[in-house]
Amino acid sequence: MAKTVGNIDVHEVPAILVEIARGFKSHGALYVLAIFTALSGQVVGYFYGRESANSYFRGFFTENFLNSAIGALGLFCAIFLLHSIFTTRPRKLWGHVTKTLRENIFSHSRLANGFHGVLLIALTLGGYSFWKQQVANIGGFAFDKALVKIDLMLHGGALPQELLDRIIAFPVMAIFIDAFYIFWFPIQLVVIASMSFQKIASFHRYRYLLTFGLNYLVIGVIAANLVSTAGPVYFERLNPGSDIYAHHMAILDQITPSFQLHATQWQDALWAAYISSPSYSYISAFPSMHVANAMLVFLISLKYGLLIRISGFLFLFLTLVGSIFLGWHYAADGYAAILIVLGEWWLAGKIANKQVH
């Protein structure tokens, strides 16, 4: 678009670009954190090597990622339509939908905020992925035995997996927990999109993005490499002769005669990539990133109504239970993640209060 100043046509900068440019300043502290995570991941990848995943694992991961993205899109559309039908209650539903998309969802401020939110998260996850590949190399899975002892101590001498076997080791319940654990990723995509594409760069949004970045740096990078563990499902494979989890893993393998849980398929794929040559390791248990992100979703939900708060709590609870029952994590992985996220949320609130207000 151009306007005339004197006899000269001056082209104005598009409003969306102005909004994006302003956003780099208002998101400055967040970019420092995200870029540090991204660059440190590149450095560790340079020194320890960047191995490519084998074709089987790449295909398996790509298929599940696409399914998750489709599920997230479907979930987002369903939430939007249900909100319109039961809360907004417009006379003409599809007219309301098109008007909302045109005037609200595609507004300059929302798109600019979404640009920065997605870029920040992409930088963070990019660096984290390189760090996660090195957990086996840097820490060597040295703390699995210690985590087993902690779990026994915290649960009166019993493994938490054995306690859960008495309650949910039935085909219907096990399949439900397994399906929910897979659906965790689409839910996360919806939350990331919803919080990134806020129309106003609010205190709550800033706090979420900062806590998200801290999650992956503090929990996914620092703690994961300092306290390197593989998790119960791999305990016997890394410690031949130990059968402490053998009974529980046998239960998971025999849930139904003709059905393999998604979790055990993922676990087999990760192990095959780990023992292949060259090794491609994405195995890491402590602390649980699944539970950490679920805890963040629960903390976000506290800002909204009762139904959202209950949903947020159930999401956290089922994620914690699933992480233990499916053999991915020691219970201590989840407990530690919850405590760390609480500390990060408090710190992020202090910083966001100064940055936003």
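Modeller: Let's start at Leu 159, which counts as buried because its relative accessible area is 3% (buried means under 20%, exposed over 50% and partly exposed in between, using a 1.4 Å probe and protein chains only). Before going on, please keep in mind that this is a predicted model, in which local features need pLDDT of at least 70 and side-chain atom pairs count only at pLDDT 80 or more, while totals for chains, interfaces and linings use all residues. Residues are numbered from 1 along each chain as its sequence is written, and side-chain values use heavy atoms, with hydrogens and water left out.

Leu 159 sits in the loop between H7 and helix H8 (160-168); helices here are DSSP runs of H or I with at least four residues, strands are runs of E with at least two, and both are numbered from the N terminus. Setting aside neighbours within four places in sequence, Leu 159 is in contact with Val 148, Leu 152, Ile 244 and Tyr 245, where contact means heavy atoms within 4.5 Å. Ile 324 is 165 residues away from Leu 159 along the chain, yet their C-alpha atoms are separated by 9.9 Å.

Next, look at Asp 151 in helix H7 (residues 144-154). Asp 151 is buried but has no salt bridge, a term for a side-chain nitrogen of Lys or Arg within 4 Å of a carboxyl oxygen of Asp or Glu. Its nearest side chain of opposite charge is Lys 149, 13 Å away; Lys and Arg count as positive, Asp and Glu as negative, and His and the chain ends are not counted. Beyond four places in sequence, Asp 151 touches Ala 158, Pro 160, Tyr 330, Ala 331 and Ala 332.

Arg 237 belongs to helix H11 (residues 235-238) and Asp 268 to helix H13 (residues 262-275), so the pair ties together parts 31 residues apart in sequence. Arg 237 is partly exposed at 34% relative accessibility, and Asp 268 is partly exposed at 37%.

Now for the wider setting. The chain has 16 helices and two strands, and 46% of its 357 residues count as buried. Its largest nonpolar core holds 85 residues, and those with the most contacts inside it are Tyr 208, Tyr 234, Phe 325, Leu 326 and Trp 328; such a core is a set of buried Ala, Val, Leu, Ile, Met, Phe, Trp, Tyr and Cys residues joined through side-chain atoms within 4.5 Å. Helix H10 (residues 203-226) gives the largest share of this core, 11 residues.

Leu 326 touches, among others, Ile 177, Tyr 181, Leu 252 and Leu 261. Tyr 208 is also touched by Ile 300, a residue of helix H14 (residues 289-301) that is buried at 6% relative accessible area. Ile 300 touches Met 195 too; these two are 105 residues apart along the chain, with C-alpha atoms separated by 9.5 Å. Across the chain, residues 24 or more positions apart account for 83% of the contacts with a separation of 6 or more.
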